[in-house]
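This briefing goes with the sequence and the 3D structure shown below.

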Amino acid sequence: MIRFDNVSKVYPKQNRPALRDVSLEVEKGEFVFLVGSSGSGKSTFLRLILREERASHGQVHVLGKDLARLSNWKVPHMRRQLGTVFQDFRLLPNKTVAENVAFAQEVIGKSRGEIRKSVPQVLDLVGLGGKEDRMPGELSGGEQQRVAIARAFVNRPKLLIADEPTGNLDPQTSVGIMKLLDRINRTGTTVVMATHDQNIVDQMRKRVIELEKGRLVRDQARGVYGYQH
Amino acid sequence: MRAQFVLSEIGVGLRRNLTMTFAVIVSVALSLALFGGSLLMSDQVNTMKGYWYDKVNVSVFLCNKSDAESDPNCAKGAVTEDQKKQIMADLDEMSVVEKVTYESQDEAYKHYKEQFGDSPLASSLTPDQMQESYRIKLKDPEKYQVIATAFDGRDGVQSVQDQKGILDNLFGLLNGMNWAARAIMALMLVVALMLIVNTVRVSAFSRRRETGIMRLVGASGFYIQAPFIMEAAVAGLIGGGVACAFLVAARYLIIDHGLALSEKLTLINFIGWDAVLTKLPLILATSLLMPALAAFFALRKYLKV
């Protein structure tokens, strides 16, 4: 699903690489936590998977494709097979909940009939049935994140990338979001989630990848947030 | 791609940027009106030049039957075959002459019809009212006087005319106006392009949230850019429409009505509606493509896809 081979990333005008010689593999259907302090390279790691950036050295394979060899005009097609969720939700404030989810289908040219069918379905799945016509501003943070997850999942991606999805939420709401992501993972969707939330990582007991100053320092199956000595 | 979705995006974009859109429309309209005006002015000059203007320097007009009755230069009657032969022979011997062409009454009638086809004067003319003439190309156009001295006042010659002398001043004026129009047009065009680039930049910035999300969910580059490009094209097309209306109104008000030059200057042949109408598709196409291209290149800089 994802394979990094000796990947390094150096941003222009910066001496210290954001990622150094990272090699790892994520299999289909896995749930992976990506942990590390700020500036450890988590965001760069995710940006490489989304091909917002290209690796300076090494190879990044996502969904069986070598991203270095993927031409620019094929990138949108690759991204359609990925779902993305962010800390700041990234919803369109002037569109309703249903319109926000439908937007992800409209821009890739899905037919109106398909959209009418799949939007209520996915909103039910994330627990927002009946709130189709509300505006994002009227919803709580947790509900807004559910809308974002619905939008990320509506096209049934094979891989879901979540960048601190619970970063703006209280612990109780976070648990709800994690249950939802777990449920999505159980449908066969691979989930890669960057997080700072120790409780969540410790509770879920999933694979943990830790980055420190751009290096991969830990890759542990059924791991916890911090080191166990 | 769903047309309705794209159209609503365009509408939103144009309204959000109303002042900027208006500025684009006005500058495109002005520059293209000047562009069309300059094209029409060239047409007008060409219409007025007539058949011989670019081909010869001097014309020797010979007396015809009606000149013999009315023109003192032709008091000795219409030109005879002998006189014509003599003139031709003399012209051949002159070293300043490069080429001489004889125009018969029928040919003169034909050329006149081509130039003044629709005017009331032309319809009442008959071929034998036309003059025969020798059309002379000189090696040095300044040597017009040599021909004038040799043939003015000779039997059978009605007049000798320096072809360019009559019209050159007028054409000089029209040409000057034409260049001025082109210079202003170029300036307005630059203004229009800069406005379009800036409009696109503001538009891309104010919609960065939408385009960011579009990118994330895998919308193609074209799909993301299309609303911006079409926004510019629509504004440009409106400007082009205004320019077309302006040209049509200008011909109507200056030539047909209003100033009504065609009634006051009956001897000048003005451009017809066909000349105006054939320019309109060109103007509309330019008004559509130019802003679209400008937007396309602006987006490469200001919109990450």
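Predicted model: local features only at pLDDT ≥ 70, side-chain atom pairs only at ≥ 80, totals over all residues.

How many helices and strands are there in chain A? Chain A has seven helices and 10 strands.

**Overall build of chain A**

- Chain A has a radius of gyration of 18 Å, which agrees with the value near 17 Å that a compact globule of 229 residues would have.
- Taken along the principal axes, the box filled by the C-alpha atoms of chain A is roughly 50 × 45 × 35 Å.
- Buried residues make up 41% of the 229 residues of chain A.
- When contacts in chain A between residues at least 6 apart in sequence are taken, 67% of them join residues at least 24 apart.

**The four-stranded sheet of chain A**

- Four strands of chain A form an open sheet in the order 2-1-4-5, and their pairing is antiparallel.
- At the edges of this sheet are strand 2 (19–26) and strand 5 (65–66) of chain A, each of which pairs on one side only.
- Helix 1 (residues 42–49) of chain A packs on the sheet, where it touches strand 1, strand 2 and strand 4 of chain A. The direction of helix 1 of chain A makes about 120 degrees with that of strand 1 of chain A.
- Strand 1 (residues 2–9) of chain A pairs with strand 4 (residues 57–62) of chain A in the antiparallel sense, over five bridges. Within this pairing, A:Ser8 has A:His57 in strand 4 of chain A as its bridge partner.
- Strand 1 of chain A also runs antiparallel to strand 2 of chain A, to which five bridges join it. Here A:Lys9 has A:Leu19 in strand 2 of chain A as its bridge partner.

- Strand 9 (residues 207–212) and strand 10 (residues 215–220) of chain A are paired in the antiparallel sense over five bridges.
- One of the bridge pairs consists of A:Ile209 and A:Asp219, the latter in strand 10 of chain A.
- The two strands form a hairpin with two residues between them. In the turn, A:Lys213 has a positive phi of about 50 degrees.

**Loop residues of chain A with positive phi**

- A:Arg90 is not a glycine, yet has a positive phi of about 55 degrees. This residue is found in the loop between strand 6 (82–86) and helix 3 of chain A.
- Is A:Arg90 buried or partly exposed? A:Arg90 counts as partly exposed because 17 C-beta neighbours lie inside 10 Å, whereas a buried residue needs 20 or more.
- A:Arg205, also a residue other than glycine, has a positive phi near 55 degrees. The loop that holds A:Arg205 lies between helix 7 (198–204) and strand 9 of chain A.
- With 13 other C-beta atoms within 10 Å, A:Arg205 is partly exposed.

**Domains and sheet of chain B**

- Chain B is divided into two parts, domain 1 (3–50 + 168–302) and domain 2 (58–164). The C-alpha centres of domain 1 and domain 2 of chain B lie 47 Å apart.
- An open sheet in chain B has four strands in the order 2-3-1-4, with antiparallel pairing.
- Strand 2 (97–103) and strand 4 (157–162) of chain B are the edge strands of this sheet; each has a single partner strand, so one side of each has no neighbour in the sheet.
- Direction ignored, neighbouring strands of this sheet are turned by 15 degrees against each other on average.
- Four bridges pair strand 1 (residues 58–62) of chain B with strand 3 (residues 133–138) of chain B in the antiparallel sense. B:Val60 stands opposite B:Tyr134, which is in strand 3 of chain B.
- Helix 4 (residues 81–93) of chain B lies across strand 1, strand 2 and strand 3 of chain B, and runs at about 0 degrees to strand 3 of chain B.

**Contact between the chains**

- Contact between the chains involves 14 residues of chain A and 15 residues of chain B.
- Which elements of chain A give two or more residues to the side that touches chain B? They are helix 2 (75–79) and helix 3 (97–106) of chain A.
- By residue class, the side of chain A that touches chain B has seven nonpolar, three polar and four charged residues.

Definitions and conventions:
Residues numbered from 1 in each chain as written. Chains lettered and ligands numbered in written order. Contact = placed C-beta atoms within 7 Å. Nonpolar A, V, L, I, M, F, W, Y, C, P; charged D, E, K, R; others polar. Rg over C-alpha atoms; globule rule 2.2 N^0.38 Å. Buried ≥ 20, exposed ≤ 12 C-beta atoms within 10 Å, placed from the backbone. Domains from an automatic or database assignment. Pairing = 2+ DSSP bridges. Axes fitted to C-alpha atoms, helices over the stretch in contact; angles between N-to-C directions.
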